[in-house]
Amino acid sequence: PQILTMFIQSLSSILPPKEGFPLQLFKIRNPQFSAYTRYLLPFLIVTAILILDRITKIATLNELADGKEVVLIPGVLGLQYVENTGMAFGMFSDSTWLLVALRIVGMIAMALFIVFFDNQHILGFISFSMVLGGGIGNIIDAFEYGFVVDMIATLFVDFPVFNVADCFITVGAILLGIYLIFIHKFPEDSKEKSDDHTEIDT
């Protein structure tokens, strides 16, 4: 009961007022995050992504490497084994090790953003962590196999085969864009608003 009470109290401090929900959720700004949010939450997200990514790729290597294809949803989604020497969704497949180097630089940047960037909303930590976890998953493949294991195929449209890590990178990048455009309060914006209020007061 005590744990449940603590959980409800913490949840109530995060959730916005009922009016305007869920859009109000994206207006919460709290730069004073706990160590759990700043460090443990990203670690848990990245770890969960890596575990899920490795499980799916190992299963793909064991079950589909012989050319076998599996239909999950007829006409919509299937599984097949593809060796990707490029970026996400098979782009730039002729520059494997250059892309590995760029991935490493990108993931270091993501990690630094998680630790040092002025995240003003929990969505910032979540989105950075999703991109970081997916990127590390594909980097592990590149070092271990010399290529990235892809397996998710869209059957309703001609689209490159991708993997779980790519999904998290894509969703994380979209959420990151939403965060930076609509939520994050940059110093210049704060200064402009402060100047506007000063002019109005005078």
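Q: Why is Arg54 called buried?
A: Its relative accessible area is 16%. Buried means under 20%, exposed over 50%, and partly exposed in between (1.4 Å probe, protein chains only). So Arg54 counts as buried.

Q: What kind of model do these values come from?
A: This is a predicted model, in which local features need pLDDT of at least 70, side-chain atom pairs count only at pLDDT 80 or more, and totals for chains, interfaces and linings use all residues. Residues are numbered from 1 along each chain as its sequence is written, and side-chain values use heavy atoms, with hydrogens and water left out.

Q: What makes Arg54 and Asp141 a salt bridge?
A: The closest N and O atoms of Arg54 and Asp141 are 2.6 Å apart. The term requires a side-chain nitrogen of Lys or Arg within 4 Å of a carboxyl oxygen of Asp or Glu. The pair therefore qualifies. Arg54 sits in helix α2 and Asp141 in helix α4, 87 residues apart. Helices are DSSP runs (H or I, at least four residues), numbered from the N terminus.

Q: Is Asp141 buried or exposed?
A: Asp141 has 0% relative accessibility, so it counts as buried.

Q: What makes Lys57 and Asp141 a salt bridge?
A: Their closest N and O atoms are 3.1 Å apart. Lys57 is in helix α2 and Asp141 in helix α4, 84 residues apart. Lys57 counts as buried, at 0% relative accessibility. Salt bridges that share partners join Asp53, Arg54, Lys57, Asp141 and Glu144 into one network.

Q: Why does Ile104 count as partly exposed?
A: Its relative accessibility is 33%. That value puts Ile104 in the partly exposed class. Ile104 is found in helix α3. It belongs to a nonpolar surface patch that also includes Trp97 and Phe143. Patches need residues with over 30% relative accessible area and no salt bridge; nonpolar side chains (Val, Leu, Ile, Met, Phe, Trp, Tyr) are joined within 5 Å, like charges within 9 Å.

Q: Which residues does Phe128 touch?
A: Phe128 touches Met110, Phe113, Ile114, Phe117, Asn119 and Leu176, not counting residues up to four places away in sequence. Contact means heavy atoms within 4.5 Å.

Note on methods: Accessible areas come from the Shrake-Rupley method with a 1.4 Å probe; for residues, only the protein chains shown count as cover. Helices (H or I, at least four residues) and strands (E, at least two) are DSSP runs, numbered from the N terminus.
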